[in-house]
Amino acid sequence: MSRSILTLALVALVTLASCTDRFGGPVAGGAGVAGAGSPSDPASPAYFQQAVGDRVLFPVDESTLNAAARATLDQQAAWLRANGSYRATIEGHADEQGTREYNLALGARRASSAQQYLVSQGIAANRLSTVSFGKERPIELCSTESCYAQNRRAVTVLATGAGV
Amino acid sequence: MIKRLFVAALAALLAVLSWGAWAQDGPLRIEITEGVIEPLPIAVAPFLAEAGTAQALAADITAVVRADLEGSGLFRAISPNAFISPITSFDSPVQYADWKAINAQGLVTGTVSVSGGSITVQFRLFDVFSEVPLGEGLQFAGGGDAWRRLAHKVADEVYTRITGEGGYFDSRVVFVAETGPKDARQKRLAVMDYDGANVSYLTDSSTLVLAPRISNDGSQVLYTSYDTGVPRINLLDTRTLTRRPLSNQPDAMSFSPRFSPDGTTVLFSLSQGGNTDLYRQALSGGTPERLTQAPSIETAPGYSPDGSRIVFESDRSGSQQIYIMPAAGGEPQRISFGPGRYGSPVWSPRGDLIAFTKQNQGRFHIGVMRTDGSEERLLTASFLDEGPTWSPNGRVVMFTRETAGAGGAPALYSVDITGRNLKRVPTPGAASDPAWSPLLE
């Protein structure tokens with residue numbers, strides 16, 4: 001009985017988190033937990049999102065990782081090593097300055113870049129999946145480089161549950 | 001003095017109109033070239049209702065015929081207020097002098113009758129200055145809800161008789177209807193007449209959908225859906241609205257589908273390990289066949305109208321460019337060489353041109369080029385134009401134009417392949433990714 005109440009509470013929390021998260025998006029499977037928990041708890045998804053940093057940014061039309069991106073992914077890898085029950089979907093995104101299909105392909109490249117780097121840092125490939133949203137889900141809305149730079153991103157969205 | 005100058009200028013203008021835009025000698029004819037600058041004046045007489053009950057319907061049908069012809073940019077419908085003698089009987093001899101007097105080059109007359117649930121429209125077209133009918137009178141019939149289609153068929157016939165080319169008015173457009181803010185846009189598939197009438201929705205907005213494509217017979221729509229969380233190709237039956245994922249899709253992201261001309265095969269892009277290549281698969285299932293093997297992005301594939309070749313975009317040269325290869329696969333030939341990037345190529349139904357999106361110096365353009373890449377012509381320029389789709393006769397392209405900024409939203413526009421007659425296609429709200437059907441049966 002107390003167990004089912006706990007499960008319900010967890011489901012409610014997860015639902016709330018995924019509804020209010022502007023940065024993530026639907027994950028490929030399992031339960032999205034992006035942003036859940038307390039940012040002060042180093043084992044929480046909220047800590048991962050805010051303290052570790054859940055995203056890396058890319059220059060125009062590129063999918064290579066610069067030093068800052070690699071540093072962020074190093075920390076993501078460390079967190080994922082320490083928190084082995086989590087899986088992650090890496091979402092690749094592009095800014096609006098491109099055609100729809102090309103940007104889907106470019107987002108796939110970016111997501112794959114981040115994924116391959118995490119794998120190179122020892123994260124099991126079967127814990128990581130990728131999805132491209134192309135230019136469909138910008139987080140910054142202006143049509144200038146300051147916003148575009150934030151939209152050209154790969155976001156690591158945590159999930160729990162069985163591997164994909 | 002001023003008045004005399006004005007008269008002289010007017011005479012010069014009239015001379016240009018008469019001799020430049022349309023030939024006064026010989027039969028009524030528009031040669032559609034870049035030289036068509038002034039639309040041809042045409043009188044569409046109010047269609048006669050054969051019974052009192054059809055009055056309103058006859059007026060509606062007349063209005064649609066007029067709107068179609070004017071909307072093409074090739075005709076100017078003379079205001080009925082200028083008509084000297086009204087048409088009171090479909091079969092009475094035409095008083096050509098009265099129509100010459102208002103400089104009507106062509107005259108369309110018609111009747112509308114309603115019997116039970118069925119509408120019958122008859123029409124005739126006259127070459128006023130040659131004083132002869134242009135072709136035989138014709139009759140179209142359809143169910144009560146088909147009156148707009150009957151009007152479009154009349155307009156298509158008039159267009160075809162005067163231009164010598166196929167029409168495009170009796171056609172539909174599948175598109176993505178969009179609502180909500182830019183960072184949480186909701187999208188659903190919709191379909192409408194080419195002119196924006198009769199909108200209906202094919203999916204709800206519970207899942208992100210992109211870039212629908214309609215089969216040549218109009219019975220099926222391929223599109224990209226995120227209903228599983230990743231982009232996958234779905235197939236929708238336009239009559240039953242039943243949907244299913246394309247069978248046997250590899251476990252990866254797939255998008256950018258397009259039908260083969262015979263509707264049996266789908267071309268699409270598949271992204272695996274960050275690399276996007278082209279695949280082909282029978283619509284009925286079967287094993288996907290890989291058409292390109294390159295570390296670069298290959299996407300936006302489409303067939304030539306005869307099915308023998310495939311046009312697509314690739315960044316194998318280091319930037320997005322257009323290529324053509326044999327439909328069975330094989331060495332692609334690059335055809336785009338101008339400054340900037342080229343994407344979303346689509347082969348004209350006439351076979352002669354490729355329409356594309358071009359991105360150069362921060363601007364987007366819709367353009368056309370010949371299939372060997374020559375004679376590139378940019379038709380539009382804006383903050384963001386993309387995704388051309390061809391009218392059934394290969395004379396017009398429709399595309400998505402998106403405005404800039406946080407409040408930016410997409411809308412559908414169309415433009416002649418001459419670059420003239422750019423206009424917004426009315427939709428109930430924001431809209432993107434149009435796919436224009438062939439002429440309906």
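The backbone oxygen of B:S247 lies 2.5 Å from a polar atom of the B:Q281 side chain. This comes from a predicted model. B:Q281 belongs to strand β17 of chain B, which covers residues 275-282. With a relative accessible area of 1%, B:Q281 is buried, because buried means under 20% relative accessible area.

Leaving aside residues up to four places away in sequence, B:Q281 touches B:L246, B:S247, B:N248, B:T264, B:T265, B:V266, B:F268, B:G286, B:T287 and B:P288.

Side chains of opposite charge can pair when their charged atoms come close. Over all chains, a search of the whole structure finds 30 salt bridges.

One of the salt bridges joins B:R124 and B:D91, with the closest N and O atoms 3.1 Å apart. B:R124 sits in strand β5 (residues 118-127) of chain B and B:D91 in the loop between β3 (75-77) and α3 (96-101) of chain B, so the pair ties together parts that are 33 residues apart in sequence. B:R124 is partly exposed, at 26% relative accessibility, and B:D91 is exposed, at 59%.

The second pair is B:R401 and B:D385, whose side chains meet in a salt bridge at 2.7 Å, N to O. This pair links distant parts of the chain, with B:R401 in strand β28 (residues 396-402) and B:D385 in strand β27 (residues 385-390) of chain B, 16 residues apart. Both partners are buried: B:R401 has 14% relative accessibility and B:D385 has 0%.

## A salt bridge along one helix

B:E157 and B:R161 form a salt bridge, and their closest N and O atoms are 3.1 Å apart. Both residues lie in helix α4 (residues 147-163) of chain B, four residues apart, which is about one turn of the helix.

## The interface of chain B and chain A

The size of an interface is often given as the accessible area lost when the parts come together. Between them, chain B and chain A bury about 3100 Å², with 54% of it on carbon and sulfur atoms. Chain B gives 42 residues to the contact and chain A gives 31 residues.

Across this interface there are 17 residue pairs in polar contact, both residues being at pLDDT 80 or more. On the side of chain B that touches chain A, the elements giving two or more residues are β11 (209-214), β15 (253-259), β19 (298-303), β23 (341-347), β24 (353-360) and β31 (430-436) of chain B. Among these elements, β15(B) gives the most, with three residues. The residues on this side of chain B divide into 16 nonpolar, 16 polar and 10 charged.

## Charged pairs between the chains

Seven salt bridges are counted between chain B and chain A. In a salt bridge formed by A:K135 and B:E386, the side chains meet at 2.4 Å, N to O.

A network of salt bridges links A:R100, A:E136, B:E178, B:R185, B:K187, B:E402 and B:D433.

Notes: Residues numbered from 1 in each chain as written. Chains lettered and ligands numbered in written order. Predicted model: local features only at pLDDT ≥ 70, side-chain atom pairs only at ≥ 80, totals over all residues. Heavy atoms only, no water. Contact = heavy atoms within 4.5 Å. Buried area = accessible area lost by both parts, 1.4 Å probe. Salt bridge = Lys/Arg side-chain N within 4 Å of Asp/Glu carboxyl O. Polar contact = N/O pair within 3.5 Å; in protein donor to acceptor, adjacent residues only side chain to side chain. Nonpolar A, V, L, I, M, F, W, Y, C, P; charged D, E, K, R; others polar. Buried < 20%, exposed > 50% of the residue type's maximum accessible area, 1.4 Å probe, protein only.
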